[in-house]
Each structure stands twice: as C-alpha cells, then as structure tokens.
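Subject: Structure handover

Hello,

Here is the structure I said I would pass on. My notes on what was found in it follow below.

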Amino acid sequence: GGAAAAAGAAPAPAPAAVSTAQIGDVKQNNAFSGSVVVHYNLAVNSGHIHVRIFDSAKPESAAWFQSDDVPIKSGPGLTLVYFKVAPLSKGPAIFSADTIEVTLLDDKDKVLTTVKAKSNMSWAKPK
C-alpha cells in the first residue's frame, strides 16, 4: 500500500518567506551624528530595524552610540535610521568606528537577519 500511505501524508509545507536587509548610503552629518539608509523586505507582519555602529577592534564601542529602533511593516521598503554619539558615553573624546550593523527583528524581538558593512568614520563626543 505505498499509494494509500502517500495519500494520507500531510502536504509539504510551503517554504518560509525570508526577511532581507541591505545597507544603502551611510552619511555622517557632523562629528557626532549620522544616518544609514536601510533597504528591507520584511516577511512578517511587523517588526523593527536596529542599528549598531562600532569599531570592529573594540566591539564595546557600540555602547558609545545611541540609535532608536525604526518600526517597519510587512513587505519591501526603505527607511532612514539616525544614530549619534551618546553625550554621556564612556568613550574617548575622539574615536573611530569602521562597522555598521543592521538587524531586522520581528515584533517579539526575534532576529530575522543581520547585515554588516564597513565604513571608516571618525567620531567625537558632543560637548
């Protein structure tokens, strides 16, 4: 009875949709703030984009920046995410960062995808 067993089998599940992110233009507005364009395709109903800037040799330098997560809706889109050096950060007065990391998360903070780009920038702590 191979045919009977096959008839009772559950249909194969559809492949899960995949969320994607791509880092576009990275702009430094001044010594302590900037923005990054994020192109995305969100496969779930809603989520948010989280951005980290840091020096790859000193990953703790990510804590020296502030960036608000940007809420996004399902489907393709692009958004601008702003970031700035935190005035009260423990970082030095002047420092460099070389990595931008963009993470797409769902509305339960589950990581959907993470992408990184290299971008050498010098930063200063606001006075």
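The side chains of Asp 107 and Lys 108 form a salt bridge, with 3.9 Å from N to O. A salt bridge here is a side-chain nitrogen of Lys or Arg within 4 Å of a carboxyl oxygen of Asp or Glu. Asp 107 and Lys 108 are both exposed; exposed means over 50% relative accessible area, buried under 20%, and partly exposed in between, with a 1.4 Å probe and protein chains only.

Before the rest, a note on the source. This is a predicted model, in which local features need pLDDT of at least 70 and side-chain atom pairs count only at pLDDT 80 or more, while totals for chains, interfaces and linings use all residues. Residues are numbered from 1 along each chain as its sequence is written, and side-chain values use heavy atoms, with hydrogens and water left out.

Salt bridges

The structure holds five salt bridges. One of them is between Arg 52 and Glu 101, whose closest N and O atoms are 2.9 Å apart. Arg 52 is in strand β2 and Glu 101 in strand β5, so this pair links distant parts of the chain, 49 residues apart. Strands (E, at least two residues) and helices (H or I, at least four) are DSSP runs, numbered from the N terminus.

Glu 101 also forms a salt bridge with Lys 116, and there the closest N and O atoms are 3.6 Å apart. Because Lys 116 lies in strand β6 and Glu 101 in strand β5, this pair ties together parts that are 15 residues apart in sequence. Lys 116 is exposed, at 56% relative accessible area. Arg 52 is partly exposed at 28%, and Glu 101 is buried at 9%. Through shared partners, Arg 52, Glu 101 and Lys 116 are joined into one network of salt bridges.

Strand pairing

Two strands pair if DSSP finds at least two bridges between them. Strands β2 and β4 run antiparallel and are joined by 14 bridges. Within β4, Val 81 stands opposite Val 36. Strand β3, residues 65–66, also pairs with β4 in the antiparallel sense, over two bridges. Phe 65 has Val 85 in β4 as its bridge partner.

Nonpolar core

Which residues touch the most other members of the largest nonpolar core? They are Ile 49, Val 51, Phe 65 and Trp 123, out of 23 residues in that core. A nonpolar core is a set of buried Ala, Val, Leu, Ile, Met, Phe, Trp, Tyr and Cys residues joined through side-chain atoms within 4.5 Å. Two or more residues come from each of β1 (20–30), β2 (33–54), β4 (70–85), β5 (94–106) and β6 (111–124). Strand β2 gives the most, with seven residues.

Aromatic pairs

A pair of aromatic rings is described by the distance of the centres and the angle of the planes. In these notes, rings of Phe, Tyr and Trp (its six-membered ring) pair if their centres lie within 6.5 Å; planes under 30 degrees apart count as stacked, over 60 as edge-to-face and the rest as tilted.

The structure holds five aromatic pairs. In one of them, the ring centres of Trp 64 and Phe 95 are 4.8 Å apart and the planes are at 80 degrees, so the pair is edge-to-face. Trp 64 lies in the loop between β2 and β3 and Phe 95 in strand β5, so the pair ties together parts that are 31 residues apart in sequence. Trp 64 and Phe 95 are both buried.

Phe 65 and Trp 123 are also an edge-to-face pair, at 5.3 Å centre to centre and 85 degrees between the planes. Phe 65 in strand β3 and Trp 123 in strand β6 are 58 residues apart, and the pair links distant parts of the chain. Both Phe 65 and Trp 123 are buried. One aromatic cluster is formed by Trp 64, Phe 65, Phe 83, Phe 95 and Trp 123.

Two loop residues

Ser 89 lies in the loop between β4 and β5. Ser 89 is buried, with a relative accessible area of 9%. Not counting residues up to four places away in sequence, Ser 89 touches Ala 63, Trp 64 and Lys 125, where contact means heavy atoms within 4.5 Å.

Asp 109 lies in the loop between β5 and β6. Asp 109 is not a glycine, yet has a positive phi of about 65 degrees.

Regards
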